[in-house]
Amino acid sequence: MSTSFAGKRVVVGVTGSIAAFKVAGWVSTLTKEEALVDVVMTEAATKFVAPMTFAALSGRPVFEDMFTTEQQGGISHIGLSREADCIIIAPATAQTIARLAYGMADDLLSTTVLAARIPVIICPAMNVQMYEHPATTRNLKTLLSLGYQVIEPDSGVMACGEEGSGRLPEWEQVAEFVLREICTKDLGGQKVLVTAGPTREPYDPVRFISNRSSGKMGYALARTAFRRGAEVTLISGPATQPVPGGVHFVSVTTAVEMYKAVMDHFQDKSIIVKAAAVSDFRCAKQFDQKIKKDSSSLIMELEQNPDILKELGELCDHDRQLLIGFAAESSNIKEEGRKKLIGKKLDLIAVNDISSAGAGFEVDNNQVTLIDSAGEAQLLHTSKLKTADLIWDHVIANKMLKPAGSKSP
Ligand code: CTP
């Protein structure tokens with residue numbers, strides 16, 4: 001199963017707020033990701049951004065008026081909601097939120113929403129006082145009780161100069177919630193713990209030992225698990241990736257910090273994936289002051305960090321918890337992978353072939369072989385996001401989910 005927008009049909013309802021200009025970028029991204037985007041604008045929205053902007057970005061006519069459907073291929077409010085996979089209302093003004101809460105149906109957007117039996121995702125954006133007004137709070141609660149998804153706005157300085165909650169979030173955050181709404185929730189009920197990124201082992205106040213891990217693979221596993229319905233905790237070292245929307249994020253720096261965080265979080269999880277590139281060694285001594293280049297050479301003693309995965313192999317309840325490890329190998333992929341599978345008591349290991357051209361550290365692609373007690377499966381050489389989906393597909397197809405995590409429809 002793919003957790004992307006390709007081939008999905010999305011209705012984007014734009015209402016009258018200054019944040020409407022940001023949604024032009026969302027429509028452009030969705031279209032580039034091969035979604036079919038129908039933009040519906042309220043009259044107030046057209047005062048902020050010209051319909052032509054959305055038409056050019058989506059490559060499709062923009063819907064404004066309930067009574068002129070001819071130039072829009074005869075598609076009505078009923079047709080719009082029937083053919084779409086979801087409706088995103090962004091920015092959603094206090095006025096639109098109130099009207100939807102009361103089930104009003106006096107323009108194309110409100111009638112489309114009322115006629116819809118598909119996920120509706122509402123992204124409020126307004127002045128902080130308006131957002132925090134009890135009337136808006138009550139209306140948002142009503143929308144939640146009606147089954148709509150409401151995305152919490154960001155905090156910060158607003159267009160009006162005031163500071164607080166009410167800013168439209170970035171698309172990257174919102175996209176995760178939208179994908180979760182439109183993807184099959186085949187990891188529903190699962191509690192997933194993912195570790196990702198490198199660790200840093202400092203030896204003076206400005207320097208550290210680390211590795212080239214970007215965190216992309218682990219973050220992709222966390223994102224796709226969330227999109228497929230899981231509750232996700234991501235423990236990450238200093239990665240180059242933005243924190244994915246919807247996941248519980250725990251930031252760590254050193255291997256020892258990661259060890260402590262994993263020990264604090266693994267017990268109630270049904271799936272544990274250790275994709276982090278943990279430094280095997282740390283510096284035996286940390287200098288309080290920056291080391292000067294007084295001498296021509298420097299000998300540093302290193303001591304071993306805990307092998308977090310090995311310890312998890314011992315501590316996990318394998319009847320209840322699925323333990324997945326990663327390995328980065330440059331030769332004898334299968335033999336080395338199998339050695340780690342057995343040695344660390346894993347249920348599954350994903351072995352990264354870092355000798356494969358264009359795959360491995362820092363790049364977007366991976367070449368992964370999955371190994372378990374039943375055999376081996378070589379995945380396609382593809383993006384880390386698709387690789388993550390393929391790993392979940394493998395887990396589900398091979399019935400590896402443990403009974404503790406029940407599947408929701
Ligand atoms: N790992 C870990 N703690 C460590 C080292 C590794 O939890 N101190 C985990 C990684 O997150 C990964 C797996 O062990 O899931 C394998 O990591 P890798 O670096 O490939 O192997 P190592 O066990 O460190 O063995 P070596 O470097 O000798 O190949």
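## Helix H9

In this predicted model, helix H9 covers residues 216-227.

Among the buried residues are Lys 216 and Arg 227, together with Met 217, Tyr 219, Leu 221 and Phe 226. Gly 218, Ala 220, Ala 222, Thr 224 and Ala 225 are buried as well. Just after H9, Gly 229 adopts a positive phi of about 105°.

## The five-stranded sheet

An open sheet is formed by five strands, arranged in the order S2-S1-S3-S4-S5 with parallel pairing. Its edges are strand S2 (36-41) and strand S5 (149-150), each of which pairs on one side only. In general, the strands of a sheet pair through backbone hydrogen bonds, in either a parallel or an antiparallel manner.

Strand S1 (residues 9-14) joins S2 in the parallel sense over six bridges. Within this pairing, Val 11 has Asp 38 of S2 as its bridge partner. Helix H4 (residues 94-101) lies across strand S3 (86-92) and strand S4 (120-124), and runs at about 135° to S3.

## The ligand surroundings

Around the ligand there are 14 residues, of which Lys 274, Ala 276, Phe 326, Lys 340 and Lys 344 come nearest.

Three of these residues can be described through individual atoms. For Ala 276, a backbone N or O atom lies 2.7 Å from an oxygen atom of the ligand. For Phe 326, a polar backbone atom is 3.0 Å from a ligand oxygen atom. Lys 344 takes part through its side chain, with a polar atom 2.5 Å from an oxygen atom of the ligand.

## Gln 289 and its loop

Gln 289 belongs to the loop between strand S14 (281-283) and strand S15 (302-304). Its relative accessible area is 62%, and because exposed means over 50%, Gln 289 is classed as exposed.

Leaving aside residues up to four places away in sequence, Gln 289 touches Asp 204 and Pro 205. Gln 289 and Met 130, by contrast, are 159 residues apart in sequence and 51 Å apart in space, taken from C-alpha to C-alpha.

Note on methods: Residues numbered from 1 in each chain as written. Predicted model: local features only at pLDDT ≥ 70, side-chain atom pairs only at ≥ 80, totals over all residues. Heavy atoms only, no water. Pairing = 2+ DSSP bridges. Helix = DSSP H or I, 4+ residues; strand = E, 2+ residues; numbered from the N terminus. Contact = heavy atoms within 4.5 Å. Axes fitted to C-alpha atoms, helices over the stretch in contact; angles between N-to-C directions. Expected span 1.5 Å × (residues − 1). Buried < 20%, exposed > 50% of the residue type's maximum accessible area, 1.4 Å probe, protein only. Near = heavy atom within 4 Å. Polar contact = N/O pair within 3.5 Å; in protein donor to acceptor, adjacent residues only side chain to side chain.
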